[in-house]
Amino acid sequence: MRKAKPKKRVLLPDPKFGDVMVTQFVNNLMVDGKKSTAFTILYDALDRVADKAEKEQKPVLEYFKKALENITPAVEVKSRRVGGATFQVPTEIRPDRKASLAIKNMILYSRKRSGHSMAEKLAAEIVAAYNNEGAAYKRKEDMHKMAEANRAFAHFRF
């Protein structure tokens, strides 16, 4: 590489929970630079999830983190060209990319859900992810199945 690696930006923790992961989630949820709207959506969704979290005797933030952990993939496939043929090579995912993929999948499949408000859809996806179900969880399972199916090409790892 000719240029130096760019420095990682330090995220400030969010005002309500004091957690950097929540800020990262909000930054991905944000549309058109409307951060306060994104915070409102997330906090409203977590308020909707709060009663289910209380039944489990867990704080809402722990419930949310467990939901994200359940949809976090461990391996993915990357295309690798070897001698004219393209192989899907399974590779492990870096920890920061794991978190990023989980957050992006949660938001993507929340937006695709049916419901009235984004907070309602996000709350439903968080509950589904916590219970190891829903579209984001299915996406993780599909990634793992694809990696397992292509395990024979693991020796092409870059």
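Which pattern does the protein follow, read along the sequence? I opened the notebook with that one, and the pattern I read off is α-α-α-β-β-α-α-α. A reminder to myself: this is a predicted model.

**Overall layout.** I looked up the secondary structure next, and it comes to 6 helices and 2 strands. For the extent, I took the C-alpha atoms along the principal axes, where they fill a box of roughly 55 × 40 × 30 Å.

**α1 against α2.** I then turned to how two of the helices pack. Two packed helices are described by the angle between their axes and the distance between the axes, so I looked up both. For α1 and helix α2 (residues 35–55), the angle is about 115 degrees and the axes lie 9 Å apart. The crossing of α1 past α2 is right-handed. On the α1 side, I noted V22, F25, V26, N27 and L29 as the residues making the contact. Their partners on α2 are K35, A38, F39, I41, L42 and Y43.

**The largest pocket.** What volume does the largest pocket have? I found about 410 Å³. I listed 14 residues in its lining, with K8, R9, Q24, D96 and S100 lying nearest the centre. The elements giving two or more residues to this lining are α1 (20–29) and α4 (95–112). With 5 residues, α4 supplies the largest share. I sorted this lining too, and it divides into 3 nonpolar, 4 polar and 7 charged residues.

**A stop at T72.** Where is T72 found? I located T72 in the loop between α3 (60–70) and β1 (75–82). Its side chain reaches the backbone oxygen of L68 at 2.6 Å. I then left aside the neighbours within four places in sequence, and T72 is in contact with K98, A102 and K140.

**Looking back over the page.** Two entries are worth a second look in the viewer.

How values were computed
Residues are numbered from 1 along each chain as its sequence is written. This is a predicted model: local features need pLDDT of at least 70, side-chain atom pairs count only at pLDDT 80 or more; totals for chains, interfaces and linings use all residues. Side-chain values use heavy atoms; hydrogens and water are left out. On a 1 Å grid over the protein atoms alone, a cavity is a set of points where a 1.4 Å probe fits but cannot get out, and a pocket is an open set with protein on both sides within 12 Å along at least five of seven lines; lining residues have an atom within 4 Å of a point. Grid points are joined across faces, edges and corners, and a volume is the space filled by probe spheres set on the points. Helices (H or I, at least four residues) and strands (E, at least two) are DSSP runs, numbered from the N terminus. Ala, Val, Leu, Ile, Met, Phe, Trp, Tyr, Cys and Pro count as nonpolar, Asp, Glu, Lys and Arg as charged, and the others, Gly among them, as polar. A polar contact is a pair of N or O atoms within 3.5 Å; within protein, one must be able to donate a hydrogen and the other to accept it, and residues adjacent in sequence count only if both atoms are side-chain atoms. Contact means heavy atoms within 4.5 Å. Axes are lines fitted to C-alpha atoms, for helices over the stretch in contact, and angles run from 0 to 180 degrees between N-to-C directions. A crossing is left-handed if the near helix is turned anticlockwise from the far one by less than a right angle, and right-handed if clockwise.
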